[in-house]
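Here's a quick tour for anyone meeting this structure for the first time. Have a look at the sequence and the model, then read on.

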Amino acid sequence: MPYPNPLCHERSAVSFRRPNTKGRSQLKTKQLVIDAMLVAVYYVLSSYLSVNLGGLRVTLDVLPVAVAAALFGPVNGLVVGFVGNFLFQLAGPYGISVTTVLWALPDAARGLLAGALLGRGKWAAKSFWQLAAGLSLVSLVFTTLTTGVMYVDCLVYHYAFAAYAPFIVTRYI
């Protein structure tokens, strides 16, 4: 029979009802707005509330990345870290260059790893000490990636990496 019988009360294989996606779309919109606000907070913390000590920059720009990672997971932490640092690079004193995207990668990795630790997944920290050890590891990974990007930047723009050697030691302390 090519057409379903309208008198039959069985459910047909074809459904003409729209799925209920109202709750999910509102959640995605709220998540997007909060991520955008956190990117703006990242930019303000990086641009105006940081201290530059030669090759060392002291800032609190990890806070919005950690908040995004804790609220919405590792992917949102990655996005806030990457976009926030990319905007800082773009609008800040550096502008767009060959290594602009490279400088945003350590913050993206920091958001991804922090989201894995602060979330509810397989890698989530179960105790305070696991969280402290995990966040210390995230800091070491971030510092190592930033130092690696600094080295690549030195190779691309032909300036001496040895000039930053004293600052590299203090970065790990």
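## The chain as a whole

Of the 173 residues in the chain, 28% are buried (under 20% relative accessible area, with exposed meaning over 50% and partly exposed in between, using a 1.4 Å probe and protein chains only). Keep in mind that this is a predicted model, where local features need pLDDT of at least 70 and side-chain atom pairs count only at pLDDT 80 or more, while totals for chains, interfaces and linings use all residues. Residues are numbered from 1 along each chain as its sequence is written, and side-chain values use heavy atoms, leaving out hydrogens and water.

The chain has six helices and two strands, and from the N terminus on they run α-β-β-α-α-α-α-α. Helices (H or I, at least four residues) and strands (E, at least two) are DSSP runs, numbered from the N terminus. Among contacts with a separation of 6 or more, 59% link residues 24 or more positions apart; contact means heavy atoms within 4.5 Å.

## α3 against α4

Take helix α3 (residues 74-91) and helix α4 (residues 100-118): they pack at an angle of about 155 degrees, with axes 7 Å apart. Axes are lines fitted to C-alpha atoms, for helices over the stretch in contact, and angles run from 0 to 180 degrees between N-to-C directions. The two helices are therefore roughly antiparallel (over 145 degrees; under 35 is roughly parallel, 65 to 115 roughly perpendicular and the rest oblique).

On the α3 side, the residues that meet α4 include L78, F82 and F86, and on the α4 side they include W103, L105 and L112. Sorted by class, this contact has eleven nonpolar, seven polar and one charged residue. Here Ala, Val, Leu, Ile, Met, Phe, Trp, Tyr, Cys and Pro count as nonpolar, Asp, Glu, Lys and Arg as charged, and the others, Gly among them, as polar.

## α2 joins in

Helix α2 (residues 62-72) also packs on α4, at about 45 degrees with axes 8 Å apart. That makes α2 oblique to α4. V62, V65, A66, A69 and A70 are the α2 residues here, and their α4 partners include R110 and L118.

## A closer look at F86

F86 lies in helix α3 and is partly exposed, with a relative accessible area of 24%. Leaving out residues up to four places away in sequence, F86 touches I96, T100, V101 and A104. The C-alpha atoms of F86 and W103 are 7.7 Å apart, although 17 residues separate the two along the chain.
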